Amino acid sequence: MGNSKALINHHFEMKLTSIALFFLIPLFIFIFGSVIGEDHGTVVEYLSTPFPALIVALTLIIGMQHFQSGAQTLIEDYVRGSQYRIALIFVKVLSYFLMVVGLYSIAKIAL
């Protein structure tokens, strides 16, 4: 199936992450909205419970995966030559780096 198989998988991944974010973003906003303006201790206590920590972690992971797929599409459409590989590597490294930093921060708060 060659490249068409890769395009179908990429399109399916974008659809799947979009649907997941459709449900996660309102929950994420509700969780963050409920602790805006609170002191540090209250925020840490609230985010150390399993449900808010899980929602924040899922939103981070799926959001970065969606960002990576979208940025990859843009790079494939508009970047050519040796800059193509550099841009793809940069986007992948950036998204995985942000995932690791975010998950480490969430784990530090939750545990």
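Biologist: Quick one to start: how many helices and strands does the protein have?

Modeller: Four helices and zero strands. Keep in mind that this is a predicted model. From the N terminus on, the order of elements reads α-α-α-α.

Biologist: And what does the C-alpha trace span along its principal axes?

Modeller: About 50 × 25 × 20 Å. The radius of gyration of the protein is 17 Å, while a compact globule of 111 residues would come out near 13 Å.

Biologist: OK, what share of the residues counts as buried?

Modeller: 25% of the 111 residues. As for surface, the protein exposes about 7,800 Å², and 74% of that comes from carbon and sulfur atoms.

Biologist: Switching to packing. At what angle do α3 and α4 pack?

Modeller: About 175 degrees, with the axes of the two helices 10 Å apart. Helix α3 covers residues 50-78 and helix α4 covers residues 82-110.

Biologist: Does that make them roughly parallel or roughly antiparallel?

Modeller: Roughly antiparallel, because the cut-off for that label is an angle over 145 degrees, and α3 and α4 are therefore put in that class. The residues of their contact split into 20 nonpolar, five polar and two charged.

Biologist: Can we go residue by residue? Where is Ser105?

Modeller: Ser105 sits in helix α4. Its relative accessibility is 35%, so Ser105 counts as partly exposed.

Biologist: How far apart are Ser105 and Ala57 in space?

Modeller: 9.7 Å, C-alpha to C-alpha, although 48 residues separate Ser105 and Ala57 in sequence.

Biologist: What about Ile86, then: buried or exposed?

Modeller: Exposed, because Ile86 has 58% relative accessibility and the label needs over 50%. Ile86 is another residue of helix α4.

Biologist: And what separation do you get for the C-alpha atoms of Ile86 and Pro52?

Modeller: 36 Å, for two residues that are 34 apart along the chain.

Biologist: Now α3. Which helix residue there can you tell me about?

Modeller: Leu54 is one that lies in helix α3. Leu54 is partly exposed, as its relative accessible area is 47%.

Biologist: How far is Leu54 from Phe28, in sequence and in space?

Modeller: They are 26 residues apart in sequence, and their C-alpha atoms are 10.0 Å apart in space.

Biologist: Last topic, contacts over the whole chain. Taking those between residues at least 6 apart in sequence, what share joins residues at least 24 apart?

Modeller: 76% of those contacts in the protein.

Terms used
Residues numbered from 1 in each chain as written. Predicted model: local features only at pLDDT ≥ 70, side-chain atom pairs only at ≥ 80, totals over all residues. Heavy atoms only, no water. Axes fitted to C-alpha atoms, helices over the stretch in contact; angles between N-to-C directions. Parallel < 35°, antiparallel > 145°, perpendicular 65-115°, else oblique. Nonpolar A, V, L, I, M, F, W, Y, C, P; charged D, E, K, R; others polar. Rg over C-alpha atoms; globule rule 2.2 N^0.38 Å. Buried < 20%, exposed > 50% of the residue type's maximum accessible area, 1.4 Å probe, protein only. Contact = heavy atoms within 4.5 Å. Areas by Shrake-Rupley, 256 points an atom, 1.4 Å probe, with all protein chains shown as cover.
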